[in-house]
Amino acid sequence: MSLPQTDSRPDLYDDAERWSIDELRARQLERLQATVTASYEHVPHYRAQLEERGVHPSDIRSLDDIRLLPFTSKNDLRDNYPFEMFAVPREQVVRVHASSGTTGRATVVGYTKNDITTWATLVARCIRAAGGRPGDIAHVSYGYGLFTGGLGVHYGAEHLGCTVVPASGGNTEKQIQLITDFRPRVIFITPSYFLAMLDVMEQMGVDPKETSLEIGVFGAEPWTQAMRKEIEERANMHATDIFGLSELMGPGVAQECVETKDGLHLWEDHFYPEIVNPLTDAPVEDGQTGELVLTSLTKEAMPILRYRTRDLTQLLPGTARPAFRRMAKITGRTDDLMIVRGVNVFPTQIEEIILEIDGLTPHFQCVLTRPGRMDELTIKVEAAGRVDPSAHEGMANVLRSQVKSRIGTSATVQIVGKGGIERSVGKARRIVDQRNL
Ligand code: DLL
């Protein structure tokens, strides 16, 4: 298979993408100082937190002094619902987004006009890094609305000069018709929804390899290298990873470059990353895995200090954009960690194994139950339509023994037929927790 050609044209880079590391660090410090000052002066929550620690904005003299600052958690945002985290008068906030708030109150984020422009500029940078170019047709299947995915990518693609098709999530057959008719070069979509879309294409007699799509910008949920291989082979396109979270901005905090596909370059001119041990809060060196903590450096409406993302990754040196560090593909969120008979398991580990077994599809769920005192894991996974049900048991045995030998835990495996696992049109639900029913 030869993937579509992409050019890497440095003439399309932003100035910041050519900064030296020294220049970057100097800008980061200036921006951090301004962010801490604005937070202290305008957000009562931060003033109280800083005063409690006896820290004044003038104490931030080097980037390492970031460790003097308090962490911010999702609960802090909930406690300040809806607008108390804003650092500007509400009239200057031109847009809000909010998280769904399945557990408790929603968290609200706000943007000034400048914030919206910064966001569009950064998403445009992501699209270029993914190989997209001005003039491309860009199909957006991230949901529009309070979720940041659709509108965030939309404004960035327009900013770059693409022709944007705001399809949003759902109505899959219609989306496939639009792809066939409009011939987009780039698609923005969660990897799990794209896989569901590929299945529907096949049902409709559309060959995924023959569509106009050359580049996918996949994010909003964890996905593995095995998933990249599956998508690239099935659809003959480049699969790149985009990361972001609403609390920091939305999509566009970090992006993988198509020429290297070696992790996501974090746009450090706007976000300062740290990795901490999630249990002890102690700093973790670059190259070691821990929880990603992010501080905004340029946000006006809602600056955010040391936000605990709960995402597990590691920081690596820059490659395709040398000044910016990369983050490794996320292995999971601390909340997605399953502890099964004392062994830590993330759904991504299961995904990698499933994708190696011929006849299994990447549609799967991890069902957690607690029949006695211990948690039990059942992996429910869909077999490909071509597989005869008589082969299910054999495949289940292979998966069970691979999970045992490579992850070290026992699991029950249930193979279901085509359509047996619910499809999502956004983020996939990988864990079904039935422990407290
Ligand atoms: O998911 C923003 C986004 C939209 C990113 C579209 C990329 C594409 P939230 O709904 O606030 O925002 O969820 C943020 O999603 O903390 C991660 O746990 C997860 N996540 C986002 N991107 C990735 C990724 C959007 N590329 C949360 N890989 C984050 C793994 C991701 N997890």
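Student: At what angle do the axes of α6 and helix α7 cross?
Tutor: This is a predicted model, to start with. In it, the axes of α6 and α7 (residues 191-203) cross at roughly 80 degrees. They come within 10 Å. The two helices are therefore roughly perpendicular to each other.

Student: Which residues make that contact?
Tutor: From α6, Thr 172, Glu 173, Gln 175, Ile 176 and Ile 179. From α7, Tyr 193, Met 197, Val 200 and Met 201. They divide into six nonpolar, two polar and one charged.

Student: What about α1 and α2, at what angle do they pack?
Tutor: About 105 degrees, with the axes 5 Å apart. Helix α1 covers residues 21-42, and helix α2 covers residues 44-52. So α1 and α2 are also a roughly perpendicular pair.

Student: Which residues of α1 and α2 make the contact?
Tutor: Val 36, Ser 39, Tyr 40, Glu 41 and His 42 come from α1. Pro 44, Tyr 46, Arg 47, Leu 50 and Glu 51 come from α2. Five of the contact residues are nonpolar, two polar and three charged.

Student: Staying in α1: is Gln 28 buried or exposed?
Tutor: Gln 28, found in helix α1, counts as buried because its relative accessibility is 0%.

Student: What does Gln 28 touch?
Tutor: Leu 63, Glu 268, Tyr 272 and Leu 297, leaving out residues up to four places away in sequence.

Student: New topic, the largest nonpolar core. How many residues are in it?
Tutor: It has 72 residues. Those touching the most other members are Leu 32, Leu 69, Phe 188, Phe 243, Leu 248, Leu 294 and Met 327. Helix α4 (residues 113-130) gives the largest share, eight residues.

Student: And which other core lies apart from it?
Tutor: One of 25 residues. Met 395, Ile 407, Ala 411 and Val 413 are among them.

Student: Sheets next. In what order do the nine strands run?
Tutor: The order is β4-β3-β5-β6-β7-β8-β9-β14-β13. That sheet is open, with mixed pairing. Its edge strands are β4 (163-166) and β13 (315-316), and each pairs on one side only.

Student: How do β3 and β4 pair, parallel or antiparallel?
Tutor: Parallel, over four bridges. His 139 stands opposite Val 165 in β4.

Student: Which strands does helix α5 touch?
Tutor: Helix α5 (residues 148-160) packs on the sheet against β3, β4, β5 and β8. Its direction makes about 65 degrees with that of β8. Helix α6 (residues 172-182) packs on the sheet too, touching β3, β4 and β5. The direction of α6 makes about 180 degrees with that of β3.

Student: What about the four-strand sheet, what is its order?
Tutor: β20-β19-β18-β21, again open and mixed. β20 and β21 stand at the edges with a single partner strand each, so one side of each has no neighbour in the sheet. The twist averages 25 degrees from one strand to the next.

Student: Which residue in β20 is the bridge partner of Ile 379?
Tutor: Val 413. Strand β19 (residues 376-383) and β20 pair in the parallel sense over five bridges.

Student: Last one: which helix packs on that sheet?
Tutor: Helix α9 (residues 347-354), touching β18, β19 and β21. Its direction makes about 145 degrees with that of β18.

Terms used:
Residues numbered from 1 in each chain as written. Predicted model: local features only at pLDDT ≥ 70, side-chain atom pairs only at ≥ 80, totals over all residues. Heavy atoms only, no water. Core = buried A, V, L, I, M, F, W, Y, C linked by side-chain atoms within 4.5 Å. Buried < 20%, exposed > 50% of the residue type's maximum accessible area, 1.4 Å probe, protein only. Axes fitted to C-alpha atoms, helices over the stretch in contact; angles between N-to-C directions. Parallel < 35°, antiparallel > 145°, perpendicular 65-115°, else oblique. Contact = heavy atoms within 4.5 Å. Nonpolar A, V, L, I, M, F, W, Y, C, P; charged D, E, K, R; others polar. Pairing = 2+ DSSP bridges.
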